[in-house]
Amino acid sequence: MNIVLAIVQFIVSEILSKPPLLVGLIALLGLLVLRRPVSELIAGTLKTIVGFLILTGGATILIGALAPLGTMVQAGFHLQGVVPTNEAIVSLAQKAFGAPTALIMAFGFLVNLILARLTPVKFVFLTGHHLFYMATVLAVVLGSAGITGVHQVILGALMLGTIGTVMPALVHPFTRKVTRDAGFALGHFNTFGYITSGLVGKLVRRLGAPRASAEDLAVPEGLSFLRDSLVMTTLTMVIIYLVLAIIAGPAALAQAAGGGNYIMYALTQALTFGAGVAIILVGVRMILAEIVPAFRGIAEKVVPNALPALDCPTTFPFAPNAVLIGFIMSLLGGIVGLFLMGPLGLALIIPGMVPHFFDGGTSGVYGNSTGGWLGAAVGAFINGLLITLLPALLLAFMGSFGLANTTFGDTDFCLAGIITGLGAKAGFFGSYAVVVVLTIVLLALASFVTLRITPRSGPQEETPETAQATAETTA
């Protein structure tokens, strides 16, 4: 048993939880099924892995640049409370729930493949670190409720596999609109926030709001350089960083600046933020050019007509200005939501820069696709409220981890944890009843959405050239 567990933990920790290797392996399998020559096998696999490493490197740079921004917000506005950070809470939880987390993730991914094979919901969730985070949420909530061992793994794997299959399907009507049906789906567990933003954009449009996309806003001739989305993003962040640095004062950045001038440090971090965004976009283009056509093999042989569900930055090139609007408005929503926590009797949730950028930016993209720039702004603002309220509600189901100074920050993590926790409070049989009923309901809903709302011909129409052209022409 120990040997089996060690093998499973190795697969989870060294392959499944590392997106570059997981997606590279999927690309290799797809190319093998398509019987591509060795030269294409090597090139396609390596380009996919390198593309993800570039994306990850850009995200790491961006996260590092966001850290002082969070410090300035807390110091400038004198905020104290819980900061949602997925990476931090996952690290804490592994000491007590490492083994069940690994088993839930491994079997949950298998459930995803089985459901995609047997049901009309043909989506394979390939964002490995989010699978790992969701597995951790479920392990913690079930374990804290006293459900451990085999039943903890069974319930967690069924929930994880179902959510990983269903959520990309539910948001796919909006994803197709965002990506112009580029042959991939969204695999990121803030899906409820993105669906909400897309629906809000539709409502904004129906109420007669301006139809202009964030990507088509008129710019005076003298400011034509702002038509470049990277320039616009970087310049905006420079202004935000400098204003917040002045408000927070030199003491807030003294340690981070290492004795240097705090204004120049803030300026450097803002420019680094822009560099991180640029690197992410390069990585996204490489991934889309390789993984979509390579996935044809999986779609044709293993899971017929399946689509790969990929991480949220894959949507950024399609509406980069909306990403910026989404980040700013989601952060604003988080700050407003913070001041609502006290009257509601909930823990104070301090806005975390990482979830507000990635979740808020993607919400902006989805809101923009249905409601233009105003849809991006309002949809992302509501996303900011959601990722403030839901983490506060989740704390009640996390046992001793609810006392930690951090928690999970994305909507799907929180909703899955809350629902699973409510079922676990109903006892052993209550947990199984909740999970089984929820699985059936979600699969039925996702099947309806897939068959009635988003019928498609599958990814086989996509080629490396069209995938890359789609991303480049919208960047």
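A surface patch, as the word is used here, is made of residues with over 30% relative accessible area and no salt bridge, where like charges are joined within 9 Å and nonpolar side chains (Val, Leu, Ile, Met, Phe, Trp, Tyr) within 5 Å. Accessible areas come from the Shrake-Rupley method with a 1.4 Å probe, and for residues only the protein chains shown count as cover. The model above is predicted, so local features need pLDDT of at least 70 and side-chain atom pairs count only at pLDDT 80 or more, while totals for chains, interfaces and linings use all residues. Residues are numbered from 1 along each chain as its sequence is written, and side-chain values use heavy atoms, with hydrogens and water left out.

Let us start at the surface. L332, V336, L340, L344, L389 and L393 make a nonpolar patch of about 470 Å². Helices α12 (320–344) and α13 (353–394) each supply at least two of the patch residues, and α12 gives the largest share, four residues. Helices (H or I, at least four residues) and strands (E, at least two) are DSSP runs, numbered from the N terminus.

Now follow α13 to another partner. Its axis and that of α7 (residues 191–206) come within 9 Å and cross at roughly 140°. Axes here are lines fitted to C-alpha atoms, for helices over the stretch in contact, and angles run from 0 to 180 degrees between N-to-C directions.

Next, visit the loop between α6 (149–179) and β3 (185–186), where D181 is found. D181 has a phi near 60°, a positive value in a residue other than glycine. The side chain of D181 also meets that of R176 in a salt bridge, 2.9 Å from N to O. A salt bridge is a side-chain nitrogen of Lys or Arg within 4 Å of a carboxyl oxygen of Asp or Glu, and by this rule the count comes to two. The other joins R36 and E40, whose closest N and O atoms are 3.6 Å apart.

One more loop is worth a stop: N305 sits between α11 (296–302) and β4 (307–310). N305 is not a glycine, yet its phi is positive, at about 65°.
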